[in-house]
Amino acid sequence: MKSGEPTPPRLRVRITAAAETIVRGGHPWVFASSIRELNRDGTVGELAVIFDRQDKFLAIGLFDPDSPLRIRILHSGKPVQINDDWWRTRLETTLTKRVGLLDEHTSACRLIN
């Protein structure tokens, strides 16, 4: 986006009833075929807010208009701000969970998926 251009509205997404159930159950992504409605075209990597049939927040994730895995869920449940503090907290939590898993015999470990 060029300087001085207006910021587009947040990408709002509605998904099928079956997909709502799956996302509520903790599934980590939304397939392209599960999307019923977008308020506008999205761009790669932008945040997409998913709303349920009652227009309540369901989840937020990273959007990819070219992937069959259209949205990779970052958070579901109650609304949150995805900002530097959110990412920092997630990273710290992830690293804390892995304390003690590594020893002198470990040659590789995925810390973040």
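Buried, in this talk, means under 20% relative accessible area, with exposed over 50% and partly exposed in between, using a 1.4 Å probe and protein chains only. Helices (H or I, at least four residues) and strands (E, at least two) are DSSP runs, numbered from the N terminus.

A word on the source. This is a predicted model, in which local features need pLDDT of at least 70 and side-chain atom pairs count only at pLDDT 80 or more, while totals for chains, interfaces and linings use all residues. Residues are numbered from 1 along each chain as its sequence is written, and side-chain values use heavy atoms, with hydrogens and water left out.

I'll start with strand E5. Of its 7 residues, 6 are buried, so E5 is largely enclosed by the rest of the structure.

Now the sheet. Two strands count as paired if DSSP finds at least two bridges between them. The sheet is open, has 6 strands in the order E2-E6-E5-E4-E1-E3, and its pairing is mixed. E2 (29-31) and E3 (35-38) are the edge strands; each has a single partner strand, so one side of each has no neighbour in the sheet.

Back to E5, residues 57-63, which pairs with E6, residues 69-76, in the antiparallel sense over 5 bridges. A hairpin of 5 residues connects E5 to E6. Within this pair, Ile60 has His75 as its bridge partner, and Leu62 stands opposite Arg72. On the E4 side, E4 and E5 also run antiparallel, joined by 5 bridges. There, Leu47 has Leu62 as its bridge partner. The hairpin of E4 and E5 has 5 residues between the strands, and in it Asp55 takes a positive phi near 65°.

Next, the cores. A nonpolar core here is a set of buried Ala, Val, Leu, Ile, Met, Phe, Trp, Tyr and Cys residues joined through side-chain atoms within 4.5 Å. The largest has 14 residues, and Val13, Ile15, Val30, Ile50 and Ile71 have the most contacts inside it. Strand E1 (11-15), helix H1 (17-24), strand E4 (47-51), E5 and E6 each give two or more residues to this core. A second, separate core has 8 residues, including Leu47, Phe51, Phe57 and Ile82.

Last, helix H2, residues 84-97. The expected span is 1.5 Å times one less than the number of residues. For the 14 residues of H2 that should be 20 Å, and the end C-alpha atoms are 20 Å apart, which agrees. At the N-terminal end, Asn83 caps H2, with a side-chain oxygen 3.1 Å from the backbone nitrogen of Asp85.

Notes. Polar contact = N/O pair within 3.5 Å; in protein donor to acceptor, adjacent residues only side chain to side chain.
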